[in-house]
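Me: I'd like to go through a few of the calls made on this model. Can you back each one with its cut-off?

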Amino acid sequence: MARKSGGSAGVVVTGLTVAALAVIGFFAYQASAAQDRAEKPSASHSASPSSSPGSSSGDKGHKKEKSTALPKNSGTGERIVYALAERRVWLVGEDGRAERTFAVVPSTVSPKPGSYKVTSRSAHVTGSDGVPIEHVVRFTTVDGVTIGFSAALDGSMPDPDASHRTGGVREKRKDGAALWKHAPVGTPVVVVR
């Protein structure tokens, strides 16, 4: 009997070991994925890409340049350019040059490509998802949902819950502050695919 009991204990220990290894593997995968996201060039805040020391100008550099280059046919003069597919915003000066670009998290309801103007602003409000936000710059409404740029006070930028219709295009707080300074009411907003 003692031998049979020891065999059962061995199976339990083996099962626990396998479960522990699976959990460790899962956390290692998450950490690796988080690091990959943090290193993506889309998090760049400069209008033009910069090379880090020792980097080559191979394909990797071209991808970074392409992802931060101001989209063609995105208007002229001072404006905000929002690229839906790239999930990126550019703040463009009077001379037509991008002064700043940054990644954003789109809302569940998106505007159609086209030209808009900033219609209203709010320094601090609660977003349609219930999160306190700042530097809200609104530019259109789609099917009753107001669309605008904003930054969460807690700095979060999670993907929105697809089961709720929201119009907040989320940006990091420092990017929200820059967009706020750049975009008084009437500033053109150009949305591209």
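Me: What is the volume of the second largest pocket?
Reply: About 420 Å³, where volume is the space filled by probe spheres set on grid points joined across faces, edges and corners. A pocket here is an open set of points on a 1 Å grid over the protein atoms alone where a 1.4 Å probe fits, with protein on both sides within 12 Å along at least five of seven lines. This is a predicted model: local features need pLDDT of at least 70, side-chain atom pairs 80 or more, while totals for chains, interfaces and linings use all residues. Residues are numbered from 1 along each chain, and side-chain values use heavy atoms, without hydrogens and water.

Me: Why is the pair of Y116 and F139 called edge-to-face?
Reply: Rings of Phe, Tyr and Trp (its six-membered ring) pair if their centres lie within 6.5 Å, and planes under 30 degrees apart count as stacked, over 60 as edge-to-face, the rest as tilted. Y116 and F139 have ring centres 5.7 Å apart and planes at 65°, so edge-to-face it is.

Me: How do you know that F139 is buried?
Reply: Buried means under 20% relative accessible area with a 1.4 Å probe, protein chains only (exposed is over 50%, partly exposed in between). F139 has 3%, so it counts as buried.

Me: What makes R121 sit over the ring of W180?
Reply: The rule wants NZ of Lys or CZ of Arg within 6 Å of the ring centre and within 35 degrees of the ring normal. The charged end of R121 is 3.6 Å from the centre of the W180 ring and is counted as sitting over it.

Me: Which residues form one aromatic cluster?
Reply: Y82, Y116, F139 and F149.

How values were computed
On a 1 Å grid over the protein atoms alone, a cavity is a set of points where a 1.4 Å probe fits but cannot get out, and a pocket is an open set with protein on both sides within 12 Å along at least five of seven lines; lining residues have an atom within 4 Å of a point.
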